[in-house]
Amino acid sequence: MSQPQITSFVSKASVGKLKNSNDNPTEKVDTTESVFDLNNTNISDKSNPNKRPRTCISDSSDHSVCIERELEDIKKSMDKIVKKDDIEEIVTNIMGKLLNKWKTEIKKEILEEVTKERVKMKESYDKKFEMVGRKMDSIEFDNANLLEKNAALHTELRKMKEEIKQIETGVTEGIRMANWNEQYSRKKNIKIHNLEERRGEQLIPELLTTLKDKVGIELNKTDIVAMHRIPGKQGFPRPVIVKFLRMENKIAILKKRKDLQKSIEIKIGDDITQKNQGLINRMHLHESITSAWYFNGHVYGTDTDGERHRFDIFDNINQRLKK
């Protein structure tokens with residue numbers, strides 16, 4: 001009795017599952033309850049081997065054949081069930097294909113964007129380079145003009161330097177000649193220092209008396225053209241300038257000046273221009289000059305070797321000593 005019951009149970013169960021699948025092919029069948037393939041095309045197939053022959057439903061004495069068939073059908077259906085590993089492999093393959101497709105599309109889009117940006121950047125830099133090129137052309141043009149102007153300025157500057165040099169030479173020579181003329185105009189003059197200064201003094205008569213009494217030189221008033229004091233140092237008697245009519249009167253007094261200086265404690269010398277006096281002062285301060293003096297319109301000096309040199313107001317003392 002047990003064998004017919006098993007056959008009837010399996011047959012009914014299989015038939016019931018098959019019927020439910022055929023009635024609603026889109027309904028999802030739980031694989032834990034059904035042993036058949038989830039593919040609806042297999043279920044609706046008319047040659048479905050799961051459909052049991054009528055002989056297996058009837059009460060036949062040979063139920064073992066039906067059971068074997070049922071088991072065989074179940075086994076075939078089990079082989080067609082999609083396994084977890086198969087699903088993972090299918091999903092992996094699909095995702096791999098999708099990823100490859102996405103990569104290709106993304107790469108294509110990126111390349112298109114990069115190309116667009118490169119074209120934009122190239123156009124922008126081409127414009128900038130064009131502007132820079134124009135500016136460089138303008139700068140080169142301006143530079144050429146500046147070079148021409150600079151050359152012209154150099155030529156003008158050279159001419160100006162030559163003119164200035166000529167002017168300096170002319171000015172130097174003019175000053176030298178002016179100093180010479182001024183000194184020549186003082187050729188018959190003497191300068192008296194430290195002569196006592198008094199209110200209401202009569203310089204010419206007092207000088208004539210002093211010369212006669214102290215050194216025995218007799219002169220007339222007509223021998224003296226002019227005699228007057230000039231500005232001097234504060235706190236000292238102002239110097240006196242004496243202009244003689246003839247040169248021999250001056251020479252006679254200069255020959256006796258040592259005796260005259262001792263007797264009345266004065267200092268007598270030539271009336272020297274300011275520039276000649278400045279030259280003599282510079283020579284007195286120079287370490288290589290032992291003495292300096294004025295004579296007959298020129299300034300002379302003696303060096304440490306005892307050699308005498310004549311100096312000009314524009315001379316460099318060191319260079320002059322080397323000559």
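Strands S5, S6 and S7 form an open sheet of 3 strands in the order S5-S6-S7, with antiparallel pairing. Strands here, like helices, are DSSP runs numbered from the N terminus, with at least two residues of type E for a strand and at least four of type H or I for a helix. Two strands pair if DSSP finds at least two bridges between them. This is a predicted model, in which local features need pLDDT of at least 70 and side-chain atom pairs count only at pLDDT 80 or more, while totals for chains, interfaces and linings use all residues. Residues are numbered from 1 along each chain as its sequence is written, and side-chain values use heavy atoms, with hydrogens and water left out.

- The edge strands are S5 (289-295) and S7 (308-311), each of which pairs on one side only.
- On average, neighbouring strands of this sheet are turned by 25 degrees against each other, direction ignored.
- Axes are lines fitted to C-alpha atoms, for helices over the stretch in contact, and angles run from 0 to 180 degrees between N-to-C directions.
- S5 pairs with S6 (residues 298-303) in the antiparallel sense over 6 bridges.
- Within this pairing, Ala292 has Gly301 in S6 as its bridge partner.
- Helix H9 (residues 274-285) lies across S5, S6 and S7 and runs at about 165 degrees to S5.

**Strand S1 and its partners**

- S1 pairs with S3 in the antiparallel sense over 4 bridges, and Ile192 has Val240 in S3 as its bridge partner.
- S1 also pairs with S4 in the antiparallel sense over 4 bridges, where Ile190 stands opposite Asp270 in S4.
- Of the 5 residues of S1, 4 are buried, which leaves the strand mostly covered.
- Buried means under 20% relative accessible area, exposed means over 50%, and partly exposed lies in between (1.4 Å probe, protein chains only).

**Helix H7 and its cover**

- Helix H7 (residues 247-255) has as its buried residues Asn249, Lys250, Ile253 and Leu254.
- These residues lie on the same side of H7 because they cover an arc of only 130 degrees around the axis; the arc is that of the directions from the helix axis to the C-beta atoms.
- In an α-helix, residues three or four places apart point the same way, because there are 3.6 residues a turn.
- The cover over the buried residues of H7 includes S1 (189-193), H6 (203-215), S3 (240-244), H8 (257-264) and S4 (267-270).
- Asn249 is found in H7 and counts as buried because its relative accessible area is 8%.
- Leaving out residues up to four places away in sequence, Asn249 touches Leu219, Asp223 and Phe244, where contact means heavy atoms within 4.5 Å.

**Loop residues with positive phi**

- Glu265, in the loop between H8 and S4, has a phi near 55 degrees, a positive value in a residue other than glycine.
- Glu265 counts as exposed, at 65% relative accessibility.
- Asn296, in the loop between S5 and S6, has a positive phi of about 55 degrees although it is not a glycine.
- Asn296 is exposed, with a relative accessible area of 53%.

**The chain as a whole**

- The protein chain holds 10 helices and 7 strands.
- Of its 323 residues, 23% count as buried.
- Among contacts in the protein chain between residues at least 6 apart in sequence, 53% join residues at least 24 apart.
- The accessible surface of the protein chain comes to about 24,600 Å², of which 54% belongs to carbon and sulfur atoms, by the Shrake-Rupley method with a 1.4 Å probe.
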